Amino acid sequence: MEKSILLVEDEKSIARFVELELKHEGYDVTVCYDGRSGLEAALEKEFDVLLLDVMLPELNGIEVCRRVRAQSSVPILLITARDAVMDRVAGLDAGADDYLVKPFAIEELLARIRSALRRTTTSTEHDTLALKNIILDETAYTATVNGEPIRLTKTEFDLLHLLMRSKNKVCTREIILENVWGYDTDVETNVVDVYIRHLRAKLPANTIETVRGVGYVMRE
């Protein structure tokens, strides 16, 4: 079955080029040219990946990302012309899973889409991982704390899965980047801190311990 992608990009020449490349790769592509119509499309239909430009008319990409993330765990890739760290952090804080800076090579965009799709692929067996009062269902991509479900993005789930799988072992930021974002990622290590902050807000206090100057650990 074709994977479906929602592309929200107001520059029509760029949108058309990306759309044709994605269709050539076998993806089912829906295109919107402003933030409001993009938000409506994202909430009306289930997509496998959302490609979202930041500088959009009517509703900016950060706000679209925030509203989509409040209702969906679809992987979101932000496309931005601004390479400032704070702009990238703002997008990640809004719930984006990854970002790409214009101008970009189409090969890199395709690689990031494949990476996002790999992170959503689950095994056919119902495997669970438990630590203290947290249970992860690796097939359903769900998590519970004290029996109550918590909403996680795919990246948050993968990060929590790594920390639980590595219980009692400190994971450096570099190890986290390699395992969650991939060996060829150019995501900066401070992005790990952003996602740790996201996870801590959803978990009981002191679940994730900081080992200063080294990384993070979850202990039994």
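Is Cys65 buried or exposed? Cys65 is buried, with a relative accessible area of 0%; buried means under 20% relative accessible area, exposed over 50% and partly exposed in between, with a 1.4 Å probe and protein chains only.

## Basis of the model

This is a predicted model, in which local features need pLDDT of at least 70 and side-chain atom pairs count only at pLDDT 80 or more, while totals for chains, interfaces and linings use all residues. Residues are numbered from 1 along each chain as its sequence is written, and side-chain values use heavy atoms, leaving out hydrogens and water.

## Sheet

Five strands form an open sheet in the order β2-β1-β3-β4-β5, with parallel pairing. Its edge strands, β2 and β5 (98–101), each pair on one side only. From one strand to the next the twist averages 20°. Strands (E, at least two residues) and helices (H or I, at least four) are DSSP runs numbered from the N terminus, and two strands pair if DSSP finds at least two bridges between them.

β1 and β3 (residues 49–53) run parallel and are joined by four bridges. Leu7 stands opposite Leu51 in β3.

## Helix α2

α2 lies across β1 and β2, at about 165° to β1; axes are lines fitted to C-alpha atoms, for helices over the stretch in contact, and angles run from 0 to 180 degrees between N-to-C directions. The buried residues of α2 (residues 35–44) are Gly35, Gly38, Leu39, Ala41 and Ala42. Seen down the helix axis, these residues fall within an arc of 165°, so they line one face of α2. The arc is that of the directions from the helix axis to the C-beta atoms. Their cover includes β1, β2 (28–32) and α3 (61–69).

At the N-terminal end, Asp34 caps α2, with a side-chain oxygen 3.1 Å from the backbone nitrogen of Arg36.

## Glu9

Glu9 sits in the loop between β1 (4–8) and α1 (12–24) and is buried, with a relative accessible area of 2%. Its side chain makes a polar contact of 3.1 Å with that of Lys102. A polar contact is a pair of N or O atoms within 3.5 Å; within protein, one must be able to donate a hydrogen and the other to accept it, and residues adjacent in sequence count only if both atoms are side-chain atoms. A polar atom of the Glu9 side chain also lies 2.9 Å from the backbone nitrogen of Glu11.

Leaving aside residues up to four places away in sequence, Glu9 touches (heavy atoms within 4.5 Å) Ile14, Ala15, Cys32, Tyr33, Asp53, Leu56 and Lys102.

## Cysteines

The structure holds zero disulfides, a disulfide being a pair of cysteine sulfur atoms within 2.5 Å. For Cys65, the nearest cysteine sulfur is that of Cys32, 15 Å away. Cys171 is buried, with a relative accessible area of 3%.
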